[in-house]
Amino acid sequence: MTISVDDHLPEAVLSLMGDEGPETVSLSDKTKGRKVVIFAVPAAFSTTCQTAHMPGFIRTKDQFTAKGVDEIICVAVNDLFVVKEWDKVTGAGEAGITLLADADGSFTKAIGMEFDVPTLGFFSRSKRYAMLVEDGVVTLFQPEQTRGCETSSAEALLAAM
């Protein structure tokens, strides 16, 4: 079943490559008592993710902050090494975007957003979406309806807020 507005996020442990090595991050800790944007990409370094989805959130970071958003988190079903390199290439971390790896896709599966495209080598990847989460509850959910980045874009999420 796909997550929807008014649902609580499931407990999830994601990862990132910190200064001292691999770190785990509890999503409930990140969202408790906070207003957080979470968006997901099918694959770090893929065309739309690289040229449209991530740049939109970097470009509009200050607008989200002005609307009371405490943190913007990008989730990718990639290993933490790929996510760390993508962070470096995009400048997302420097811009204030948190990148987290859902390496085994367990969070993505738990919210019903997984998909496969065998011809691309995509297995258990995340569909593209953007959501606003307040104190662990989804208050706005915008799953992508196209192969592009329209309903899940930073601009579309901002407009819906």
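1. Surface. The protein chain exposes about 7,600 Å². Carbon and sulfur atoms supply 51% of that area. Keep in mind that this is a predicted model.

2. Burial. How many of the 161 residues count as buried? The figure for the protein chain is 50%. Several residues discussed below fall on one side or the other of this division, and they are taken up one by one.

3. Overall build. The secondary structure of the chain comes to seven helices and nine strands. The radius of gyration is 14 Å, close to the 15 Å that the globule rule gives for 161 residues, so the chain is as compact as a globular protein of that length. Along its principal axes, the C-alpha trace spans about 35 × 35 × 30 Å.

4. Contacts along the chain. Take the contacts between residues at least 6 apart in sequence. Of these, 66% join residues at least 24 apart.

5. Charge. The chain has 14 positive and 23 negative side chains. The centres of the two sets lie 4 Å apart.

6. Helix H2. This helix covers residues 47-59, which makes 13 residues. From its first C-alpha to its last it reaches 17 Å, close to the 18 Å expected at 1.5 Å a residue. Which residues of H2 are buried? They are Cys49, His53, Met54, Gly56 and Phe57.

7. Thr31. Find Thr31 in helix H1, residues 27-31. Is Thr31 buried or exposed? Its relative accessible area is 3%, and buried means under 20%, so Thr31 is buried. Setting aside residues up to four places away in sequence, Thr31 touches Leu9, Val36, Val133, Asp135 and Gly136.

8. Asp135. This residue is one of those that Thr31 touches. Asp135 sits in the loop between strand E8 (129-134) and strand E9 (137-143). Its phi is near 50°, a positive value in a residue other than glycine. Its relative accessibility is 46%, so Asp135 counts as partly exposed.

9. Asp6. Here is another positive phi, about 80°, although Asp6 is not a glycine. Asp6 lies in the segment before strand E1 (13-18). Exposed means over 50% relative accessible area, and Asp6 has 60%, so Asp6 is exposed.

10. Val83. Look for Val83 in helix H4, residues 80-90. At 4% relative accessibility, Val83 counts as buried. What is Val83 in contact with, leaving aside neighbours within four places in sequence? The list is Ala76, Asn78, Leu99, Leu100 and Ala101.

11. What to check first. Start with Thr31, which is buried at 3%, and follow its contact to Asp135. Then compare the loop position of Asp135 with the place of Asp6 before strand E1. Finish with Val83 in helix H4.

Note on methods: Residues are numbered from 1 along each chain as its sequence is written. This is a predicted model: local features need pLDDT of at least 70, side-chain atom pairs count only at pLDDT 80 or more; totals for chains, interfaces and linings use all residues. Side-chain values use heavy atoms; hydrogens and water are left out. Helices (H or I, at least four residues) and strands (E, at least two) are DSSP runs, numbered from the N terminus. The radius of gyration is taken over C-alpha atoms; the globule rule is 2.2 Å times the number of residues to the power 0.38. Buried means under 20% relative accessible area, exposed over 50%, partly exposed in between (1.4 Å probe, protein chains only). Contact means heavy atoms within 4.5 Å. Accessible areas come from the Shrake-Rupley method with a 1.4 Å probe; for residues, only the protein chains shown count as cover. Lys and Arg count as positive and Asp and Glu as negative; His and the chain ends are not counted. The place of a charge is taken as NZ of Lys, CZ of Arg, CG of Asp or CD of Glu. The expected span of a helix is 1.5 Å times one less than its number of residues.
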